[in-house]
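Subject: Structure handover

Hello,

Here is the structure you are taking over.

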Amino acid sequence: MPESQFHRRSLYILVALLVVAALAVAAVKIHFFGFSLSNQAEFFYQVDCAVSFDPEPEKPVRISIALPEPPDGWAFGLDPGTPFQIEDGNGRRRMVLELASPVRQNRASCRFRLVPAPSRRAPLPAAPEQDVSVVVSDASRAAAKAILDRVDAEKKLAPAELVPALLGQLGAMPRREKRALVPVSAGDETVEAAILLLELRGIPARAVRGILLDQKRYLQQPDNYLDVWYGGAWHIFRPGTGTEETPREFLILQRSDRSLYEIAGVKRSSIGYSVTKVPAGAERLNQIRAQILEKRDLSDFSLFSLPASEQNAFKRLALLPLAILLIVLIRNIVGIPTMGTFMPVLIAMAFLEMKLLPGLVNFVLILTVGLLIRAWLSKLNLLMVPRISAVVVVVILLMQLISVAANFLNFPEFVDATFFPIIIIAWTIERASTTWEEDGATNTLKQLVASTCAAAICYFILSSAYLQYVLYTFAELNLIILGVILLLGTYTGYRFTELMRFQPLVKK
Amino acid sequence: MKRFRLSLPRIVSPRSLRRAGVLGMNQRNHAYIMRYNRRADYPDVDDKLRTKQLAIRYGVATAELIGSIESQYQVRSFLDLVANAPDFVIKPGHGSGGRGILVITHHDGVKFHKPNGEICDYDFIYEHISNILSGLYSLGGQVDYALFERCIDFSDVYSRFSFQGVPDVRLIVFKGYPVMSMIRLATKESDGRANLHQGAVGVGLSIRDGRPRFAASHNREVTHHPDTGAAFSELVVPHWEEHLELAARCAEMTPLGYFGADIATDRKRGPLLLELNARPGLAIQIANGQGLLSRLQLIESLPPGAHPTRAEKIAFAREHFD
Ligand SMILES: Nc1ncnc2c1ncn2[C@@H]1O[C@H](COP(=O)(O)OP(=O)(O)O)[C@@H](O)[C@H]1O
Ligand SMILES: [Mg+2]
């Protein structure tokens, strides 16, 4: 049929154009703008510190934020575009923004960068001076001694083991008892109590607040950490779990002797941080563009100039086209039916937020209980919209129940059940139960297992840091994926499963 | 208990499948359904009342239409509708998979008898019709209507070959030619339903004479019914010519070029059209032990207008498709 041949030919030309365009753009970026295909290439951290506030009428606003202390090998610098400025106030440098009244905005963003600076290694941190000025009541001292004896009576543990053990002990204690140890301090009880206990052992420690530089979370609140000096260096411990954080991935925002941020002229305020990695090539691209055009707004035209939290959201999306291609392969080339076309991808995205194993267990649990309840609902002869709505509500309740139970039983990995796309799960349950009625249990279970496996495969693709880097930095490569999907749309060959299914038809 | 066979699945090469003329799912969708069936014509088969009206107009025999109920206020008057019908079947107009079908074999206006001997009352049927109208059984839950037709008095010629359930003959019709056929027989495993992937047996029928050619269950050849023990080679489909005639007529009542026609045989009226399907499955190839693709390609290779009449098309099909 000439018409269909014409369509086919124009499709091939379109796909060829897509591939050529994608490769050309990628080549230009690599060759002229210094992007690299290796995700070990140079990058810097871009941190957005967002302050939200309610300005008081007729008053100027002044915000001052503590200068962060970058980890070893990283240098701090304000982003050229940020309205904040560095001010030297009685020997302490802080980032300051002053807004003249009347203030119309209720949000200010301070953007800064951590640039690798291996040549200018930060000087070794000084050992803290041993001040024994802490005033402790006798009662506190006795209680503290009791705890220390319980953990390490013979004083044999090295600090690296003692600190996690102490934090574990403190974590299990009720808040009231910890408060009793440190009645005057205003900080985090666990951290403050740990500082006191370590003090008694002669180990210097301090409280710090900071954020993790890995990009798992979109918006981070600074958390309290315990900073302990031993072996000639500071070590940062997370009070809740007693685990030590890698210093390279931890940004200290504030130490106990300074305030994190001060703000005047407002009623309420809050602060949040988001971090993203920016490949160095992109920065050069931005610079070159800015030089050529000498206009800031145009140089901003790239994914890399978005706020860090948005960039992180896009990084998640960067791999979505690849996962969708995988779904097309699974369904049309391999021939495994999944329950709901894109359900596995969405479930895989949820697995990303909560790790594979807890995610899988949670998913299977919610699905099983959901199906049981749905089976009971079907006896009530409900109409479709109320029925599916009832399933949605049941799924929400189940997630809450799992979260609460996991929290109670101390399985922190299972607390995050809320990441599951509720509506998708409800539809999966609905579809599974009608398939069950029409096609029987075996077929339904087959499809459910296939969908879950597909979700797990998607998870492995989506969680690849390298693929994420490449497809985010070279977003144009998605055009190639689009081309492949278009081509698969005309694939009329056999599916892999059909090679088994129709095997009896081949005469020997 | 189901026994699981521990043999590794055998895989054949795509080349040998193509040589055997097997039609795959991608090719069915792309080269046949998308090319020969326009979306706009799907209501011809998805809307049961429309199918029925078309069938009546084109002289295709179906179960006799009694009427339909579209809105809630008409529900209470359903007794007037069935007053003159000794038996009736209520179906959702957009149903599928047999859901929402209520069969009443006889009634006196007060007591309504179901085939399994249960008796239900006015309220039960009132409720059932209301449920159909509100979309309980329709795809996607949209509002629906209830269709009333006479009960098919299933001929018992197949009773030796079916464990409960009523067998129906499926014919694939392509461009007006009946190209392949099978009869689906319920088993204990398929729970009295005639769905192949639930374990029903598909017996391939020769287009030439309706004689059984091959039988398969779960992708494997079978020779005897697993429950009744009857040999499939002895199966005879009565009124075979009428089956072909009925299927070929269906091609005239809808512009769809590729569809499946399900035909049941009534004791008195002979073969009747049950329903049409715009996406007939591929398992019919396994039931026939033969590929569908070579037959479809033979039809496609014919010059346009090669067989202008129904009779010529049927004659051609009977000559070539054994
Ligand atoms: N008029 C009828 N008389 C008796 N049984 C019927 C009648 N119509 C349908 N059935 C039964 O219901 C089943 C499904 O009917 P069908 O019209 O194919 O609806 P669906 O689209 O839901 O599959 C048939 O296989 C048959 O067993
Ligand atoms: Mg049917």
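The notes below go from conventions to domains, rings, salt bridges and a surface patch.

This is a predicted model, in which local features need pLDDT of at least 70 and side-chain atom pairs count only at pLDDT 80 or more, while totals for chains, interfaces and linings use all residues. Residues are numbered from 1 along each chain as its sequence is written, chains are lettered from A and ligands numbered from 1 in the order in which they are written, and side-chain values use heavy atoms, with hydrogens and water left out.

Domains. Chain B is assigned domain 1 (14–44 + 155–320) and domain 2 (64–149); the bounds come from an automatic or database domain assignment. Taken over C-alpha atoms, the centres of these two domains of chain B are 29 Å apart.

Rings. The whole structure holds 16 aromatic pairs over all chains (rings of Phe, Tyr and Trp, the last by its six-membered ring, with centres within 6.5 Å; planes under 30 degrees apart are stacked, over 60 edge-to-face, the rest tilted). One of them is B:Y32 with B:F174, which is edge-to-face because the planes stand at 80 degrees, with the centres 5.5 Å apart. B:Y32 is in helix 2 (residues 25–36) of chain B and B:F174 in strand 8 (residues 168–174) of chain B, so the pair ties together parts 142 residues apart in sequence (helices, H or I of at least four residues, and strands, E of at least two, are DSSP runs numbered from the N terminus). Both B:Y32 and B:F174 are buried (under 20% relative accessible area; exposed is over 50%, partly exposed in between, with a 1.4 Å probe and protein chains only).

Salt bridges. B:R170 and B:D262 form one, at 2.6 Å from N to O. This pair links distant parts of the chain, with B:R170 in strand 8 of chain B and B:D262 in strand 13 (residues 258–266) of chain B, 92 residues apart. B:R170 counts as buried at 6% relative accessibility, and B:D262 counts as buried at 4%. Shared partners join B:D168, B:R170, B:R184 and B:D262 into one network of salt bridges.

In chain A, A:E98 and A:R62 form a salt bridge at 2.5 Å, N to O. A:E98 is exposed at 53% relative accessible area, whereas A:R62 is partly exposed at 33%.

Surface patch. A:I30, A:L37 and A:Y466 make up a nonpolar patch with about 260 Å² of accessible area together. Patch members have over 30% relative accessible area and no salt bridge; like charges are joined within 9 Å and nonpolar side chains (Val, Leu, Ile, Met, Phe, Trp, Tyr) within 5 Å. Areas come from the Shrake-Rupley method with a 1.4 Å probe, and for residues only the protein chains shown count as cover.

Regards

Note on methods
Salt bridge = Lys/Arg side-chain N within 4 Å of Asp/Glu carboxyl O.
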